[in-house]
Amino acid sequence: MTHPELPLASLRIVKGAPTMEELAALAVLLTARMQAPEPEPEAVPAPVPLWPRALPGYQPPGAWAS
């Protein structure tokens, strides 16, 4: 799999003097990160009501008609 942005990528070292091995390791890590799939967002559970509903079939007092 090729990425069109890889030939355009550039890296500039602004401080320090990394060795060629350190730069190679950094390039490997960045390339692997670019090729890694995006994690799927976690599913948000449905909110639990503070007052649970009455059981089906339960009639609270005063709910019947005379």
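What does the secondary structure of the protein come to?

1. The predicted model has 1 helix and 0 strands, where helices (H or I, at least four residues) and strands (E, at least two) are DSSP runs numbered from the N terminus. Residues are numbered from 1 along each chain as its sequence is written. In this predicted model, local features need pLDDT of at least 70, side-chain atom pairs count only at pLDDT 80 or more, and totals for chains, interfaces and linings use all residues, while side-chain values use heavy atoms, without hydrogens and water.

2. Of the 66 residues in the protein, 2% are buried (under 20% relative accessible area; exposed is over 50%, partly exposed in between; 1.4 Å probe, protein chains only). The accessible surface is about 7,100 Å², with 65% belonging to carbon and sulfur atoms.

3. Leu11 lies in the segment before α1 (20-35) and is exposed, at 54% relative accessible area.

4. Pro18 is also placed in the segment before α1. Pro18 is partly exposed, with a relative accessible area of 30%. Beyond its neighbours within four places in sequence, Pro18 is in contact (heavy atoms within 4.5 Å) with Ile13 and Leu23.

Key: Accessible areas come from the Shrake-Rupley method with a 1.4 Å probe; for residues, only the protein chains shown count as cover.
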